[in-house]
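Good morning, and thank you for making time for this presentation. Please have the sequence and the model in view as I speak.

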Amino acid sequence: MAIIRYPNWPWSDVSTALEDFERARRQMDRLVSAFTGQGSAPVVSGVFPALVVKENGDKIIVEAELPGINPQDLDINVHGNTLILSGERKPDKVEDASYHRRERKWGSFRKAITLPDEVSPDAVQAECKNGVLTIVLPKAEQVKPKKIAIKSE
Amino acid sequence: MIEKDLQIPEKKEVQSGAESTRNAPVFIPAVDILETEHELSLLADMPGVPIENVDIDLEGDQLTIRGTVPRQDGPGRVLLKEYAVGDYYRQFTLSNDIDREKIQATIKDGVLKLVLPKSEAVKPRRIEVKAS
């Protein structure tokens, strides 16, 4: 194991070393969770909402957990291979109440994500069930895998 | 109203001695607890939990909320995974006397709402100060 010396021992070097260490730790976490497929998933973009994107044949499925968001306050846009999700979570209106705990957050959000393929915007379907949004995006005709028949004489 | 950007809520896993038999992580749901004159309301974010999978238990002054997410590993290859799906579990100790018969639970858009009406005996009373 190599020992790195800090000749003048300025604090800036120490903090860079700590940053390096932190980055290595994060990479390690990501590696471990990639292998085990368990635990808290690494947040890639850091923009609300967290998404799960799946590919199933000629469809791309995007899922997001959006508890307490009225489907009417949700906006889904598709441009080519970009999906834009925007909306707002409104605070609950309660009169004359005192809070013991307030952990649930509210506010607005806007997130763009690049899909692996172009999709046909007219055939996109979205469903909100129990606070989980599922968007099914069929791939565009031109990018769908085509099976080529071989003619034999 | 001030425009505020929503942040990704950090899902905290339950740290307890007893392990779940299901191979799924168990998370602590974010809750709001608010008190009005007549009742105590509890709101918990539990996305993906259908009403029939919510289990509410009041034993003594210990309130337990449990929500299980139906396993739905649909076909397909995962390209991006920014969050993990798991069950929800949280326990509270209630300080007020609750009228157990009148507890109501509803779930809407993945938010569990529990209304716990206070029993008559503990409702605050206004005390008149008489001047002699």
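I shall begin with the contact between the two chains and then turn to selected local features.

First, the conventions. This is a predicted model, in which local features need pLDDT of at least 70 and side-chain atom pairs count only at pLDDT 80 or more, while totals for chains, interfaces and linings use all residues. Residues are numbered from 1 along each chain as its sequence is written, chains are lettered from A and ligands numbered from 1 in the order in which they are written, and side-chain values use heavy atoms, with hydrogens and water left out.

Let us take the interface. On the side of chain B, 49 residues are in contact with 54 residues of chain A, where contact means heavy atoms within 4.5 Å. The two chains bury about 4300 Å² between them, and 54% of that is on carbon and sulfur atoms. Buried area here is the accessible area, taken with a 1.4 Å probe, that two parts lose on being put together, summed over both. Leu6(B), Glu82(B) and Tyr83(B) supply 19% of the area that chain B buries against chain A, more than any other three residues.

How many salt bridges are there between chain B and chain A? The count is seven, a salt bridge being a side-chain nitrogen of Lys or Arg within 4 Å of a carboxyl oxygen of Asp or Glu. Lys11(B) forms one with Glu65(A), and their closest N and O atoms are 3.0 Å apart. On the side of chain B that touches chain A, the residues divide into 28 nonpolar, eight polar and 13 charged. In this scheme Ala, Val, Leu, Ile, Met, Phe, Trp, Tyr, Cys and Pro count as nonpolar, Asp, Glu, Lys and Arg as charged, and the others, Gly among them, as polar.

Strand 5 of chain A, residues 98-102, is joined to strand 3 of chain B by four bridges, and the two run antiparallel. Strands are DSSP runs of E, at least two residues long, and helices are runs of H or I of at least four, numbered from the N terminus; two strands pair if DSSP finds at least two bridges between them. Arg101(A) has Ile33(B) as its bridge partner in strand 3 of chain B.

Within chain B, strand 5 (residues 54-59) and strand 6 (residues 62-67) pair in the antiparallel sense over six bridges. They form a hairpin with two residues between them, and Gly60(B) in the turn has a positive phi of about 65°. Asp57(B) stands opposite Thr64(B) in strand 6 of chain B. Strand 6 of chain B also pairs, again antiparallel and over six bridges, with strand 8, residues 87-93.

Next, Ile113(A), in strand 6 of chain A, residues 107-114. Is Ile113(A) buried or exposed? Ile113(A) counts as buried because its relative accessibility is 13%; buried means under 20% relative accessible area, exposed over 50%, and partly exposed in between, with a 1.4 Å probe and protein chains only. Its contacts beyond four places in sequence include Leu83(A) and, from the other chain, Leu80(B).

Finally, some backbone details. A cis peptide bond, with omega about -5°, joins Phe48(A) and Pro49(A). Asn130(A) has a positive phi near 50° and lies in the loop between strand 7 and strand 8 of chain A.
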